[in-house]
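The sequence and model are shown first.

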Amino acid sequence: MADTKQADTQRGERKAARLAKQIKAFAAQHGGAEGQLAHIGQAGTRIVLVGEDGGWGDLVAPTYAVAQAAAERAGLTLHEEFDGEFAAKVVTGPYEWTRMAGIQIGGPANA
């Protein structure tokens, strides 16, 4: 049982290291980044990233602990909520507006 727990810990550490590398790459591409962790059920935890240039993206970690470890390793500033000034930093373009409107009844088709 201890071997299984140790293997899970090692897997989590490797995953956190890979996610931290991706977070750092995103931050480098977007002039810096901030984030927010959101639990998404059995799928794990979403790491929402918002760049200083308004670009955004997300990554998914298998657990909240792995997501938090990845954010810490990457030096990512985390917000408790995705609202206010943090949400206002997100820049959306025509693609996002078309996708969002297409979800609504009577909106344009998602092409």
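## Aromatic pair

The count of aromatic pairs comes to one, under the rule that rings of Phe, Tyr and Trp (its six-membered ring) pair if their centres lie within 6.5 Å, with planes under 30 degrees apart counted as stacked, over 60 as edge-to-face and the rest as tilted. Phe-82 and Phe-86 form this pair, which is edge-to-face, with 5.1 Å from centre to centre and 80° between the planes. Phe-86 is buried, with a relative accessible area of 3%, whereas Phe-82 is partly exposed at 37%. Here buried means under 20% relative accessible area, exposed means over 50%, and partly exposed lies in between (1.4 Å probe, protein chains only).

## Basis of the model

This is a predicted model, in which local features need pLDDT of at least 70 and side-chain atom pairs count only at pLDDT 80 or more, while totals for chains, interfaces and linings use all residues. Residues are numbered from 1 along each chain as its sequence is written, and side-chain values use heavy atoms, with hydrogens and water left out.

## Overall organisation

The chain has four helices and four strands, where helices (H or I, at least four residues) and strands (E, at least two) are DSSP runs numbered from the N terminus. Read from the N terminus on, the order of elements is α-β-β-β-α-β-α-α.

Of the 111 residues of the chain, 29% count as buried. The accessible surface comes to about 7,400 Å², and 54% of this belongs to carbon and sulfur atoms; areas come from the Shrake-Rupley method with a 1.4 Å probe, and for residues only the protein chains shown count as cover. Among contacts (heavy atoms within 4.5 Å) between residues at least 6 apart in sequence, 51% join residues at least 24 apart.

## Strand pairing

E1 and E2 pair in the antiparallel sense over seven bridges; two strands are said to pair if DSSP finds at least two bridges between them. Within this pairing, Ala-38 has Arg-46 in E2 as its bridge partner. The two strands form a hairpin with five residues between them, and Gly-41 in the turn has a positive phi of about 80°.

E2 also pairs with E3, again in the antiparallel sense, over six bridges. Val-48 has Asp-58 in E3 as its bridge partner. The hairpin formed by E2 and E3 has four residues between the strands, and Gly-54 in its turn takes a positive phi of about 95°. Six of the seven residues of E2 are buried, so this strand is largely enclosed by the rest of the structure.

## Nonpolar core

The largest nonpolar core has 18 residues, of which Leu-19, Ile-23, Ile-47, Leu-49, Leu-59, Ala-61 and Leu-76 touch the most other members. Such a core is a set of buried Ala, Val, Leu, Ile, Met, Phe, Trp, Tyr and Cys residues joined through side-chain atoms within 4.5 Å. Helix H1 (2-29), strand E1 (33-39), strand E2 (45-51), strand E3 (56-61) and helix H2 (64-74) are the elements that give two or more residues to this core. H1 gives the most, with six residues.

Leu-49 lies in strand E2 and is buried, with a relative accessible area of 2%. Not counting residues up to four places away in sequence, Leu-49 touches Ile-23, Phe-26, Glu-34, Gly-55, Trp-56, Gly-57, Leu-59 and Leu-76. Its C-alpha atom is separated by 6.9 Å from that of Gln-36, 13 residues apart along the chain. Ala-61, leaving aside neighbours within four places in sequence, is in contact with Leu-19, Ala-43, Gly-44, Thr-45, Ile-47, Val-66 and Ala-67.

In H2, Val-66, Ala-67, Ala-70, Ala-71 and Ala-74 are buried. Seen down the axis of H2, the buried residues fall within an arc of 135°, so they line one face of the helix; the arc is that of the directions from the helix axis to the C-beta atoms. Ala-65 and Glu-72, on the other side of H2, are exposed. Just after H2, Gly-75 takes a positive phi of about 70°.

Thr-77 lies in strand E4 (residues 77-79) and is partly exposed, with a relative accessible area of 45%. Thr-77 touches Ala-33, Glu-34 and Gly-35, residues up to four places away in sequence not being counted. Thr-77 and Gly-35 are 42 residues apart in sequence and 6.1 Å apart in space, C-alpha to C-alpha.
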